Amino acid sequence: MIDLIGSILLDALGYTTARLLVPLLTLGRVRVQPLRAGPQRHNWFGFARGADGSCQLEATMAGWYGLFFWGAMVIAALASFR
């Protein structure tokens, strides 16, 4: 049950957020890998060079970055209401 909830949060909320925000914040220089893409070698932070020279963010790491964004937003909201 917990695995299912974690998977939904990571894939649906985190990945979708990163898929929208990463290209916007990096002005299109970094793109997010599709969810079910083939294996590719990435560094520890989830980045890799694409065949066309662009930078690509791994889907799983994009999910974590998206969840980190929402966690930071919750902390900022709680701090502002204090």
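# Notebook: a chain with two helices and three strands

**Entry 1: the overall layout**

I started by reading along the sequence, and the protein chain follows the pattern α-β-β-β-α. This is a predicted model, so I keep that in mind throughout. I counted up the elements and got two helices and three strands. Next I looked up the box that the C-alpha atoms fill, which is roughly 50 × 35 × 20 Å along the principal axes. For the surface, I noted an accessible area of about 6,300 Å², with 70% of it belonging to carbon and sulfur atoms. How much of the chain is buried? Of the 82 residues, 26% count as buried. I also checked contacts between residues at least 6 apart in sequence, and 46% of them join residues at least 24 apart.

**Entry 2: helix α1**

I went to α1, which covers residues 2-25. Where is its kink centred? I found it centred on Tyr15, with an angle of about 25 degrees. Tyr15 is also one of the buried residues of α1, and I listed the others as Leu10, Gly14, Thr17, Ala18 and Val22. Then I asked what covers the buried residues of α1. The cover includes β1 (30-32), β3 (55-57) and α2 (59-81).

Just after α1, I came to Leu27, which is found in the loop between α1 and β1. Is Leu27 buried or exposed? Leu27 counts as exposed because its relative accessibility is 73%, and the cut-off for exposed is over 50%.

**Entry 3: helix α2**

I tested the length of α2 next. Its 23 residues should span 33 Å at 1.5 Å a residue. I looked up the end C-alpha atoms, and they are 33 Å apart, so the two values agree. The buried residues of α2 are Ala59, Ala62, Gly63 and Gly66. I saw that these buried residues pack against α1, β1 and β3.

**Entry 4: the nonpolar core**

Which residues make up the largest nonpolar core? I wrote down nine: Tyr15, Ala18, Val22, Val30, Val32, Cys55, Leu57, Ala59 and Ala62. At least two residues of this core come from each of α1, β1, β3 and α2. The biggest giver is α1, with three residues.

Leu57 lies in strand β3. Why does Leu57 count as buried? Its relative accessible area is 1%, and buried means under 20%. I left aside its neighbours within four places in sequence and then looked up its contacts, which include Val22, Val30, Val32 and Ala62. Other contacts of Leu57 include Phe45, Phe47 and Tyr65. I also checked Leu57 against Arg19, which is 38 residues away along the chain, and their C-alpha atoms are separated by 9.5 Å.

**Entry 5: Gln33, a buried loop residue**

Gln33 sits in the loop between β1 and β2. Is Gln33 buried or exposed? Gln33 is buried, as its relative accessible area is 6%. I looked at its side chain and found one of its polar atoms 3.3 Å from the backbone nitrogen of Ala59. Ala59 is among the buried residues of α2. Not counting residues up to four places away in sequence, Gln33 touches several residues, including Tyr15, Arg19, His42, Leu57 and Glu58.

**Entry 6: Ser54, another loop residue**

My last stop was Ser54, in the loop between β2 (47-49) and β3. Ser54 counts as buried because its relative accessible area is 17%, and the cut-off for buried is under 20%. Which side chain makes a polar contact with that of Ser54? I found that it is Arg31, at 2.4 Å. Arg31 is also on the list of residues in contact with Ser54, along with Ala48 and Arg49, once neighbours within four places in sequence are left aside. I noticed that Arg31 is in contact with Leu57 as well.

Key
Residues are numbered from 1 along each chain as its sequence is written. This is a predicted model: local features need pLDDT of at least 70, side-chain atom pairs count only at pLDDT 80 or more; totals for chains, interfaces and linings use all residues. Side-chain values use heavy atoms; hydrogens and water are left out. The bend at a residue is the angle between axes fitted to the seven residues ending there and the seven starting there. Helices (H or I, at least four residues) and strands (E, at least two) are DSSP runs, numbered from the N terminus. Buried means under 20% relative accessible area, exposed over 50%, partly exposed in between (1.4 Å probe, protein chains only). Contact means heavy atoms within 4.5 Å. A polar contact is a pair of N or O atoms within 3.5 Å; within protein, one must be able to donate a hydrogen and the other to accept it, and residues adjacent in sequence count only if both atoms are side-chain atoms. The expected span of a helix is 1.5 Å times one less than its number of residues. A nonpolar core is a set of buried Ala, Val, Leu, Ile, Met, Phe, Trp, Tyr and Cys residues joined through side-chain atoms within 4.5 Å. Accessible areas come from the Shrake-Rupley method with a 1.4 Å probe; for residues, only the protein chains shown count as cover.
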